[in-house]
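Me: I'd like to learn how to read a few features of a model. Could you take me through them one by one?

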Amino acid sequence: MTSGACAPQEASFPLRPDDAQALVHSALMLPHPAVVARQLAGARIVARQGVRVGADVPFVCAIGAFDGVHAGHRALVAAALRDASQLGVSCAAITFDPDPAETLAGPRSGERLLSVEDRVRGLLSLGLDAVIVFPFTRELAATRYDAFVERTLLGQVKAVSVHVGTNFRFGEGGAGDVGRLAGLGQRFGFAVHAHQLVAGDGEAISATRIRGLVHGGDVGEAARLLGRCHYVRGRVRHGRGQGTGFGFPTANVHMDPRDCLPEQGVYACYFVLGGSFWPAAVNVGAPPSFSAPEAAFLEANIVGFQGNIYGEEACVVFVRWLRDSRRFDSLPELERVVLGNIKWVQDNLGGTRLGV
């Protein structure tokens, strides 16, 4: 297990309130712009207010799954935005729901870095004018690569320039590649820009690599590749209630089983609820002192919080790994260790509520 602070550069503890706020803003990719969403035949379009999207409207497009909106995705979007600025046209991301890998290989538990809603908001926070989400069905997967461009992509926008990674594949059986996309660009009048994958420590940054880091508990390295802290979103439910008897009541947060979580462990986190957030010591999985681990489950001791939040939606932002989960020989030992974790969080992440 590797410990480490969760930031593109190593954080300096204790965090000041303004640093904590900046960390949470970065993790959640705030602020979210005012947008208008509409469902059309074959696609969902989410655009900034005042932006028109249509088959006759020129756009620069960045295409990808964009799970995690990681540093590589940000570089691709930044290149598309520069291109759009030079051409004087709008810029959109083209993505898919679900991730094409999920449709082709089947649903994968614990593999999703972001829900499609959070992916869309994250992409728009980078400055894009619109995000177009195509439902990735078996039918779309079986569409020829040229038909995808002519009927699907160009049916939504007038693409004048398209940005993709050099490993981009599309169409039935992945038959479409950058070369074939460039040929279609010549046919339909759009430029094609293929970008080398951004590397971290000599290895390409990818959602797969980041998932592996999160599963292993290395939330610090995952954050460096993401360009922000990893977070998950879930709903607060009633738990076992043992924590209250030890003097540290907990909030039990249940996520979609598809969401990417560390396999187990205790982490220093921020617990985000509505327009506020609190420091929290978070256990991933049911503590082994009580029961077998439970999937997609977090138990958060929220420092400085009181209130009834059952049924509320919350985000948990992973800041630092603290320790492995383990079985304790006695309740006094359990209480001593857990209170020590809470004290570390209180001393280094703060002890009060802050505004998002």
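Me: Which residues lie nearest the centre of the largest pocket?

Reply: A word on the source first: this is a predicted model, where local features need pLDDT of at least 70 and side-chain atom pairs count only at pLDDT 80 or more, while totals for chains, interfaces and linings use all residues. Residues are numbered from 1 along each chain as its sequence is written, and side-chain values use heavy atoms, with hydrogens and water left out. Now the general idea: rolling a probe the size of a water molecule over the atoms shows where empty space is left. A pocket is an open set of points on a 1 Å grid over the protein atoms alone, where a 1.4 Å probe fits, with protein on both sides within 12 Å along at least five of seven lines; lining residues have an atom within 4 Å of a point. Here, Gly64, Ala65, Asn167, Phe168 and Arg169 lie nearest the centre, among 39 lining residues.

Me: What is the volume of the largest pocket, and which helix gives the most to its lining?

Reply: The volume is about 1000 Å³, counted as the space filled by probe spheres set on the points. Helices are DSSP runs of H or I with at least four residues, strands are E runs of at least two, and both are numbered from the N terminus. H2 gives the most, with 5 residues. H2 (71-87), H3 (100-105), H5 (138-141) and H8 (207-215) each supply at least two.

Me: How do helices H6 and H7 cross?

Reply: Axes are lines fitted to C-alpha atoms over the stretch in contact, and angles run from 0 to 180 degrees between N-to-C directions. The axes of H6 (residues 145-153) and H7 (residues 178-188) come within 10 Å and cross at roughly 40°. The pair is therefore oblique, the class left after under 35 degrees (roughly parallel), over 145 (roughly antiparallel) and 65 to 115 (roughly perpendicular).

Me: Which residues of H6 and H7 meet?

Reply: With contact meaning heavy atoms within 4.5 Å, Tyr145, Asp146, Val149 and Glu150 in H6 meet Arg180, Leu181, Leu184, Arg187 and Phe188 in H7.
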